[in-house]
Structure formats: structure tokens, C-alpha cells
Amino acid sequence: MKILLLSFYYPPDLCAGSFRAAALVEALREVGGGTATIDVMTTRPNRYASHAATPAADVETVSGVTIRRFDLPPHQSGIADQMRAYRSYAKGVWRTTRGQKWDVVVATSSRLMTAALGAEVAKRAKARFYLDLRDLFTDTASGLFGAMPMRVALPALRWLERRTLKIADRVNVVSPGFVPYLTQVAQRHDCRVFTNGIDEVFLSREFDKPDAGPSVPRLIVYAGNIGDGQGLHRILPEAARAMAGLAHFRLIGDGGRRAELEESLAAAGTTNVTLLPPVPRESLFEHYREADALFLHLNHHEAFQKVLPSKIFEYAATGKPIVAGVAGCAARFLREEVPGTSLFAPCDSTGMVEAVASLADMPARFDRSSFRAKFARRRIMKAMAEDILDLAAPG
């Protein structure tokens, strides 16, 4: 059985899509035993410009998995740069897959183009197509990108989205909040929901603080992208200034709004925010250990009411209190599944100050053993791999 996986991100890139793709490959290899040959087509590390120099071979084969990485032109987080990068990736994949056959093509996609590319490759190879949808690109784009070129492009992107969803033999979504949207735009009533999960490296770690008791000011850590979707530039300057002496924020990451965030923090006169570049997971574990609480925020857009951020699973695994400015599906999930979460409305700086103040009444650590068992990535990816192999099986 031959399987092709298309993922724009793959280790050693540092992002949710990379970690998910690697876990899926491992699950396919494990569930498929010796019967599955897996080809992965991805890019050289590019999630963050500050991490793009990480060494990665053009082609490597390990345990029946062949990984091919394509070079991309230099790019940042702008739409034009991203379009050039995806065009380069698509050209490499299209050229390399010509004349080849697979039983199933799997595309894991946060942006629409990897999904659409997977659909076309599957059609040409006469293969089944399994789509793992990590974001609703056109839904998000319609709210976030108001520039005229994007507004003009949206009808074409929506047409491409519907076509891709209809070509797919099976569709998985990482958030239950996506299901109504897919039912509406593509009449898909059979979506799977294999969410993100907790990687084994988190399940095998302890995250207790090196010294006992919460610090004052409390250290609150954020790790992840710093872009429009997170909206940190819209809330943190004012909220952090109001919490001087009470909380110190350590932000670890990069993205299209980092420069604006730095400028806004300086203009607000904040002295209790430290920004660090992306770090490998081994270093990230230490930052989590030192934290009194972990911080999550999504911008105030209707599209984000449907999402379930992968960061929730990572944060929850530490047992640390979580301060989260989210709404909709993410807020419901945190209330129902993750004890020790203090919620506030997105972009509400007063609400954020109150949520941080509530940490004083919380223990330093919460027992989330049932959550860790339920959402272990290995268990979720094993079920998803079985679903993919079932689709690929003859007859």
C-alpha cells in the first residue's frame, strides 16, 4: 500500500502542523506495519524566518518513510510572500508526482492551497483523497484580510474550497466547530473529528516549578505565533501596563505582528513583558516549568469562534493554570475539559486583568490526568491512521 502525505510544515519546523504531520506519519507506519510505504512531500523549515536555517536533508528515508523537502524563496508572513512560497512548493510537488501512483493521497492543510494541491495530485494519480483540515481559510480570510486584493479573490477561493471538499473521499477536521461550516458550504455530513492532542514528550515530563510556590510578580508564559490570529498587539500593551508589579509576561515566538507588538509595548511604556524568539521544545519545557501560568489569546473575529487551538493541549498537559482570552468552541472546550482555566473575552484588557488576578485563588498545579489520557496524540493519530488505511484498502 502506497501513501503520499502533503504537509507544508514538517520537522524540524516548529509549529502545530509540523508536529501533527510527524505524529500522523508515525501512526501510519505503526498501524500499517510492513504493508505501508509512505512518501512525505514538504518544505525546508520556514515557519519562522528566525528558524529557517535549521538543517534538513533534501531527501531522507527512515523505516519505510521517504521525506522530500522543497526549497522556498525567502519570505515573511505577508500574503504576497506566502503566495510565492506556496507556488514554489506546489510546483515542486506537481513536478515530482508526475507519472507516480499512490493508493491514497493525504493532505494536512491549515491554508487552502495545500488542500487544493492534494486534491489535484490525487485526481491525476487516480488515488483516494483524504483531507485533514486544520483551518477554515476562506472563513478566516474574510474576517482578517480586508484589503481589496483579498476581497476580490475571495469568490475564487470559495469556489476552490468547495471543489476541494467535494473531491475529497474523506474529510477530517481538528475542531468540532468546523463541522457546521463544512455542512453548509460543501454538504459534507460525514466529517471525522480527530482533534489535535498531547505529544508523548509532554506526557513523559514533569512541569513543577523549580522553587515552591507562585512568584510575585507571577510569571505568565505565552509560546506560539505572534500574528493577526492571536491579536496580542490588540490586548497585551494595555493589559500588561495595568499589571505592572503583579505579573510579568514572557512571550516566546515570532510572526507577522511581532514588530507591531514590540512598538505598541514601547509606546505604552510597559516594562513587564519579555519577548524571546522561537525555541526548540527542550528549551520550551524549561520555560513552562518556570511559569506560574500559561497565556492563550485569539483575536476578536467571528471565524475564531469555530477553532480549537492546538496550544490548548500542550498547555493543559503541564498542569499549570491557564489564562485564556477565547470564545465559542475553544471557550466551551476549556470550561468542559480543562480544570484550572480562567477565561475572559478576546481583546478585553479589563477582563484579562481580572482573569490574571483570579490566579491568586488557584493552586499552582491541577490534576489533569483524565484529560491527558483522553487527548494523548498517539491515541488520536492511531484512530486517524486506521481511518486512512481503511480508505486506501482495496474494495
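Five bridges join strand 1 to strand 2 (residues 37-43), and the two strands run parallel. I start with that pair, in what is a predicted model. One of the contacts along it is Ile-3, whose bridge partner in strand 2 is Ile-38.

That pair belongs to an open sheet of eight strands, in the order 3-4-2-1-5-6-7-8, with mixed pairing. Which strands are at the edges? Strand 3 and strand 8 (192-193), each of which pairs on one side only.

Two helices to mention here. Helix 3 (residues 112-125) packs on the sheet and touches strand 1, strand 5 (104-109) and strand 6 (128-133). The direction of helix 3 makes about 170° with that of strand 5. Helix 15 (residues 377-392) lies across strand 1, strand 5, strand 6, strand 7 (170-173) and strand 8. Against strand 6, helix 15 runs at about 160°.

Two of the strand pairs in detail. Strand 12 and strand 13 (residues 322-325) run parallel and are joined by four bridges. In strand 13, Ile-322 is the bridge partner of Leu-294. Strand 10 and strand 11 also run parallel, with four bridges between them. There, Leu-251 has Leu-275 of strand 11 as its bridge partner.

Staying with strand 11, which of its residues are on the covered face? Val-273 and Leu-275 are, while Thr-274 and Leu-276 are on the uncovered one.

Next, aromatics. A search of the whole structure finds 18 aromatic pairs. I will take one of them, Phe-249 and Phe-295, with ring centres 6.2 Å apart and planes at 70°. Planes over 60 degrees apart count as edge-to-face, so this pair is edge-to-face. Why does the pair tie together separate parts of the sequence? Phe-249 lies in strand 10 (residues 247-252) and Phe-295 in strand 12 (residues 293-297), so the parts it joins are 46 residues apart in sequence. Phe-249 and Phe-295 are both buried.

There is also an aromatic cluster, formed by Phe-8, Tyr-9, Phe-70, Tyr-86 and Tyr-89. Of these, Phe-70 falls in strand 4 (65-70).

Then two cases of a charge over a ring. Arg-124 has its charged end over the ring of Trp-94, 3.6 Å from the ring centre. Arg-281 lies over the face of Phe-19, at 3.6 Å from the ring centre.

Arg-281 brings me to helix 10. In helix 10 (residues 281-290), the buried residues are Arg-281, Leu-284, Phe-285, His-287 and Tyr-288. Seen down the helix axis, these buried residues fall within an arc of 165°, so they line one face of helix 10.

The peptide bond from Pro-11 to Pro-12 is cis, with omega near 15°. Where does Pro-12 lie? It is in the loop between strand 1 (2-7) and helix 1 (16-32).

Two residues other than glycine have a positive phi. For Ser-63, phi is near 50°. Ser-63 lies in the loop between strand 3 (59-62) and strand 4 (65-70). Is Ser-63 buried or exposed? Its relative accessible area is 53%, and over 50% counts as exposed.

The other is Cys-347, with a positive phi of about 65°. Cys-347 lies in the loop between strand 14 (341-344) and helix 13 (349-357). With a relative accessible area of 22%, Cys-347 is partly exposed.

Methods:
Residues numbered from 1 in each chain as written. Predicted model: local features only at pLDDT ≥ 70, side-chain atom pairs only at ≥ 80, totals over all residues. Heavy atoms only, no water. Buried < 20%, exposed > 50% of the residue type's maximum accessible area, 1.4 Å probe, protein only. Arc of directions from axis to C-beta. Phe/Tyr/Trp six-rings, centres within 6.5 Å; stacked < 30°, edge-to-face > 60°. Lys NZ or Arg CZ within 6 Å of the ring centre and 35° of its normal. Pairing = 2+ DSSP bridges. Contact = heavy atoms within 4.5 Å. Axes fitted to C-alpha atoms, helices over the stretch in contact; angles between N-to-C directions.
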